[in-house]
Amino acid sequence: MSDSVDVSKGLPSNPEKATLEGKNKFLGFWVFLGGETIMFATFFGTFLGLKEGTAAGPTADELFSLPLVFIMTMLLLTSSLTSVLAMFSMKKNNFKNMMILTAITVVLGLGFLGFEIYEFYEYLHHGLGYTTSAFASSFYTLVGLHGAHVVFGLSWFITLMIRYSRTGGITLTNAPKFYLASLYWHFIDVVWVFIFTVVYLMSIGGA
Amino acid sequence: MATATASMNNNKSVLWDWLTTVDHKKLAVLYLIAGTLFFVKAGVMALFMRIQLMSAENDFLTGQTFNEFITMHGTIMLFLAATPLIFAFMNFVIPLQIGARDVAFPFVNALGFWIFFFGGLLVSVSWFFGGAPDAGWTAYVPLSSGEYADLGLDFYVLGLQISGIGTLVSAINFIVTIINMRAPGMTMMRMPLFCWTGLVTSILIVFAFTPLAAGLALLMLDRIFGGQFFVPDSGGNAVLWQHIFWIFGHPEVYILVLPAFGIISEVIPAFSKKRLFGYTAMVFATLIIAFLSFMVWVHHMFTVGIGPITNSVFAIATMAIGIPTGIKIFNWLFTMWGGKLTFNTAMLCASSFVPTFVLGGVTGVMLAMVPIDYLYHDTYFVVAHFHYIVVGGIVLGLLAGTYYWYPKMFGHKLNEKLGILMFWLFYIGFHLTFFIQHILGLIGMPRRVFTYLDGQGMETMNLVSTIGAFLMGAGVVVLVINIVYSAFTSERVAVRDPWDARTLEWSTTTPVPEYNFAQTPQVRSLDPWFYEKIHGDGLMKSAEPMDEIHMPNGSILPFMIGLGLFIWGFGMIMLNMENPIMPPAIVIGVGFVVTFGSMLVRSIKEDHGYHIPLDKVKKIEKEVS
Amino acid sequence: MKGRIGLWRFLPLSAMFFLLAGCGEDKLTALDPYGPQAEWILDNMILSLYVMALVIIVVFTLFFIAVIKFRKKEGDEEIPKQVEGSKTLELTWTIIPVFLLAILAVPTIAGTYNMAEEAPEAAGSSGEEGESAEGEDGEENGEEVEEEDAAIVIDVTGHQFWWQFDYPEGFSAGNEVYIPTGEKVWFNLTASDVIHSFWVPALGGKIDTIPGVENSMWLEANEPGVYKGKCAELCGPSHALMDFKVVAMEPDEYEVWAKEMSGEQESSAEESEGGGATEESQEEDTQDSTMSDGRQAFEDQGCIGCHAVEGQGTGQGPSLSNFADREKIANVIDVSDENLEAWIRDPESFKQGNNMPAFPDMNDEDMDAIIDYLNSLSVEDELE
């Protein structure tokens, strides 16, 4: 059925959803993100339940540095914006722009990741090891899982860019793939907004 | 089109064909076989447990072995037997019932099966590495933590984690299939109820298996990497696990029982010659049950001491589930009312499901009464209650489905005489085993005990229960004999529709060609096949001219990804072994490379499938009809 | 055919009467309640059974009529009327269950709050509490508090696989908890290792004991007797053997018992301080030599490292202060010297996974001395 779309007059306006295969991927991915949301919600719940459980280890107040987290947030939010722009380019059938914007997204994402590793390294030096307390375990697990998602999202972007750099154009096959990767990236971004609020702001502001 | 017919002509071995298949009908058979094997395995464990409990202070099994059996029995039955058996029918029937050529993602479908299978295998090999998990299928911490449980729990955690991924991707696949792949005219409110329950179950899986995955991850981190989530001394909380587990665990019951409802809602109308009474109400009842199933998890934790307010709220929510369930019960009764009932094995199982399920349902409402649950909780009363749901509900549903769809799946019917013998053995055995357990619970027998002391008035009832269990076992043996016997003696079903049924799967030829429908059917009503038989010319109208048909290629990658995850999981477990044969990091690395390597191959190598040319389609159609 | 099920449904009711008639000395079954909580539970369970019986009768009647009346007749190929549904009927079976559930919801909520009642001690002035804490030092003060309206609160700790009961007077008992009849006794429950669940079917409901969590519940016994308790949460290989007993006594008897238990503690405390012998020990002068031998062996072999006796020793294992009053050794074995010796030599063979070390090579002399010593540790004897 994928060949039922006539591409002789150029790409349709929504190349990612033009074929049944594309539509299926689109829906399937949304459902997958629904599941991911619940999984993150569980980890958020765990963190909220255990954040007072610092035992003898350092507490959130003593550790968190808002400026650092603010920079990380900005990096990730900007990368989400460039990712949106990349998708606009895709719909305008501008392959080159899309690739450049995706590359910028990747660079910003790597920057975020660098800061996160630095952050964890710092906390470790302040005595917050993974096994220090229930608070430490739940913090590293939640934020670390998000970090793992960032790593996976970046690898996804990079793989796609390498894979299709030679294609030189947007097709009905690669459009859904880029679109889904971008969707995934937005999801990661939204999760971070919640982490920023629930983990950092609420831990410092509250209590 | 360039890769046309490549895999049509290959003459590779049968084994290779099954390992690489992405055909939903073959995957259904794989699910059926895997599920049955696990079912028999867990059933034998149940028999061993019943032998142990046959008399007071018996020493057939030690407490440790008994605990391993209860854990494996529960874990296998729910995750590795009931789930795949339900997936077998969903895989086979749903695409046919909605008039689709295959599921939305045939590759992912195969992936789901193999990941599930290897996850199940990982749980099962625990016996060879120092013993199976022993903390119950609920694996409450701290009993399941590194301090109190051995390696078996690592197999539990990682095996379920992996098989859960398989279940999850399959569920996503079904959701997309049902929403996007319906034939023209097959609106949502014309879908057979089995498709509806399949859809709702899949949605429940997406929202329930993910908390489980998170919970298992926490337990794994605690056990292998020194996490402190459940360690009270480090600020952790042992009750947290119970919350996460039951947020998954309660919907899990509905994940299994809703498709059974679906099967019953197919079989009863078919053999009553009547459309399902109150179809719309049935659909909405299903949706309400699914919604409520996420609101009641605390009723598994009434005795944890959460407080009277929470307990009361969850008690009311739990009772509320009785209402939509009641609607379903009465709708089934009134489907039969005024019909022309034929009692073959499928209908015997389906109709007896109704009163049996009511018995399980009323004890469910009784359990919702918090103060009285303080008595029932964790006793044999609860054991009896949930076996009435899972055996009297799910297993009867699955048996009905087996006898009903068998001719479509395998081209011949199962022997009726043996079928009826099986039914009565199983059904009587079931009531003997479980009814009396209600009373055992009330006179003071806690669940999960490996023995009981003499002189507490429990001997006779336990003996009766054991006898019943052996009758059920005999019933299953008769079923297996029936399958083998029928394979050799039953005549091939030559017609499309041996039961004179109502839904679209019976409009295809038997055996079903790999593309299901040569032409996508045009659906004009609920029960479309019945409609065409009465109002049309007895065949489905087609929605498209006959043309070449696009088919997906088979692939070994799903198998490889499953295998990779198995190796990875085993490597993770080796981290907790005292003397691993080789460094665990190597095993983890190999698993990682196999899994992600296969995924990379999949994403880089474009696979557009192949086309069955028109003349070949015509030839096949002529042959079968 | 399926009529069988219908009749079975009424089995629990009839079974109840059988069980009422034939109960042994240790009261276990919840169908024969001996306390207000258990009575309430049974009454309301029967109420719910009546409601449920109604549902079952309706469903079964409809089912059997349908199954019998609407069977397909031989050769009848006519297609039955295809009924879509019926608004009236469907509304009926939606609304009636709502009322039935409401009938059950009311006692559910009332009972939930009733059973969650806190110990009245909390309602009393905090000064009184402080007094009782001080009171542990002096005998008179302790007595005074007990006579006041402050309820008895017993701390329960679940261990693999035994129960520790700590009384407000400061003494501890293992596996057998003594309570007075006719009043609510509160339990504060927790666990030291894994989750257990505290359940005395004949007296009331159960509640989990969870490490890191303190739960509370009350029980009341109407009449004196021995009520069997069980651990209801899987807690390891010997979960099935983690029984305990609730011994209910008349209040005045209980008071004497409690005094004896705490008295023992004091007398031994005095002894160890080198103080003079108390009246009790003078009475037992005849046995004194073996007793001290036994006590010596008990200490030499390290038993006292885990088991408290006469108020001394730690609480890692069950207190043995009233060992000779027990009806079972370690709650599983019948009382006899041979069994006791077998248990000490190899506890694992009786209770898999328990934490007591084995003493396979203990010399017979010490063994006999310890057994004699343990058999002398009775509190009930002294009551008579």
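**Worked exercises: three chains**

The contact takes 33 residues from chain B and 32 from chain A, with two residues in contact if their C-beta atoms, placed from the backbone, lie within 7 Å. This is a predicted model: local features need pLDDT of at least 70, side-chain atom pairs count only at pLDDT 80 or more, and totals for chains, interfaces and linings use all residues. Residues are numbered from 1 along each chain as its sequence is written, and chains are lettered from A in the order in which they are written.

**Exercise 1.** Work out which helix of chain B gives the most to the side that touches chain A.

*Solution.* Start with the helices (DSSP runs of H or I, at least four residues, numbered from the N terminus). Helix 6 (152–180), helix 7 (193–225), helix 8 (238–272) and helix 18 (584–604) of chain B each supply at least two residues.

**Exercise 2.** Check the span of helix 4 of chain A.

*Solution.* Take 1.5 Å times one less than the number of residues. For the 31 residues of helix 4 (95–125) of chain A that should give 45 Å, and the end C-alpha atoms are 45 Å apart, so the two agree. Just after this helix, A:Gly127 takes a positive phi of about 90°.

**Exercise 3.** Find the partner of strand 4 of chain C.

*Solution.* Strands are DSSP runs of E, at least two residues. Five bridges join strand 4 of chain C to strand 10 (residues 244–249) of chain C, and the two run parallel. Across the pair, C:Glu176 stands opposite C:Lys245.

Terms used. Pairing = 2+ DSSP bridges.
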